[in-house]
Amino acid sequence: MSYRRRTYRKNRIKLILGVVAIVLATVFIALVIAGNMIGDKVDNNIVKRNPKKDQTDALPHGEVKNVLAYPVPIYVEGSSLLATRIKNASDEGYTDACFFLDDLNGALCYNSKVAIALGKHESKTDMPSLEKVTSAFQDKDMYAIGMTHLSEFCTDDDLARSAAMGYYSSLLGEALRAGVNDVMIFVGEIPTERYAELCELAKDVHRLCPDGKIGLALPVTVLSDQSNSRLLDSLWDCFDYLAADLTHLEATEVQSLADVTDATLGGMLYYLLRYDMRVLISYANDTELTQVIEAVKRNGTENIQIIQQ
């Protein structure tokens, strides 16, 4: 009986020790998991406060210049000469410039041989040719970015859009061949399925100018939707760069334009860094413009383009 009691006591002690060991192991594992979760949360907060490109799964792409581009209109009636406007931008310390090739209605800001041949534009003696435009920028060693509103594309008529695509690919090809360093298209809010047509446009431009660079400006609504990853991946495959169009942002009663810009970029930070996007902001007075530029830089990029309609 004494032997049985000793054996029973030993077995019970072993059982208790086994249970204690399991409990301690479980607590240890739980603490490790909790520690990792807290660490991840801290890391995420650090990324939000000080985002780095090497902290995202940024996708590789062909090399396109990161810019801090100042708006220099190539045609302004009654204004100073283009060379003077370029000199003023250069004197301000800018080495990159951007300009619209057309206005919101599609009227061109230069004498285009393509548009004249197609009967879409009448030559004007006070309008420059693209060769003169690019020569003026090259004289100041400035990187020149041409932009188009793609106004004839914004229609529900698929036949009209198809005809417009051929016209715009020729115009953009003409601009790149004339020495414009890269071209960007604006389309605003369009149905998602139409982005496939824009990819075809990009392919046509690349066919005409294999070394040419073409970018696409995307609205905030597209970039703030986390379900658009597949769409953006497909656009990234077609275009040389993507841009976040923040030109429609406005200050509120409680937030400055810089604060609104900061908050908006925070909502699209993953896309911004993953695709190394250029950020488009509106021209403003010197103080406000400086604040907005700093807000963009706080979100991990110095690739900025200032737009003046």
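The text below takes these topics in turn; the model is predicted.

**Helix H4**

Helix H4 spans residues 130–139, and Leu-130, Val-133, Thr-134, Ala-136 and Phe-137 are buried in it. These residues lie on the same side of H4, because they cover an arc of only 155° around the axis. An α-helix has 3.6 residues a turn, so residues three or four places apart point the same way. On the face turned away from the buried side, H4 carries the exposed residues Lys-132 and Asp-139. The partners of the buried residues are helix H2 (82–91), strand S2 (96–100), strand S3 (143–148) and helix H5 (158–177), against which they pack.

**Positive phi angles**

H4 is followed by Asp-141, which sits in the loop between H4 and S3. Asp-141 is not a glycine, yet its phi is positive, at about 55°. With a relative accessible area of 68%, Asp-141 is exposed. Asp-276, also a residue other than glycine, has a positive phi near 50°. Asp-276 is found in the loop between helix H10 (269–274) and strand S7 (278–282), and it counts as partly exposed at 31% relative accessibility.

**Salt bridges**

Side chains of opposite charge can pair when their charged atoms come close. The structure holds 10 salt bridges; the table lists some of them.

| Asp-96 | Lys-65 | 2.6 Å |

Asp-96 and Lys-65 meet in a salt bridge through their side chains. Asp-96 is in strand S2 and Lys-65 in the loop between helix H1 (2–49) and strand S1 (68–71), so this pair ties together parts 31 residues apart in sequence. Asp-96 is buried, with a relative accessible area of 3%, whereas Lys-65 is partly exposed at 35%.

Asp-156 is exposed, with a relative accessible area of 68%, while Arg-194 is buried at 10%.

Arg-161 lies in helix H5 and Glu-197 in helix H6, so the pair ties together parts that are 36 residues apart in sequence. Arg-161 counts as buried at 6% relative accessibility, and Glu-197 as partly exposed at 25%.

Conventions. Residues are numbered from 1 along each chain as its sequence is written. This is a predicted model: local features need pLDDT of at least 70, side-chain atom pairs count only at pLDDT 80 or more; totals for chains, interfaces and linings use all residues. Side-chain values use heavy atoms; hydrogens and water are left out. Buried means under 20% relative accessible area, exposed over 50%, partly exposed in between (1.4 Å probe, protein chains only). Helices (H or I, at least four residues) and strands (E, at least two) are DSSP runs, numbered from the N terminus. The arc is that of the directions from the helix axis to the C-beta atoms. Contact means heavy atoms within 4.5 Å. A salt bridge is a side-chain nitrogen of Lys or Arg within 4 Å of a carboxyl oxygen of Asp or Glu.
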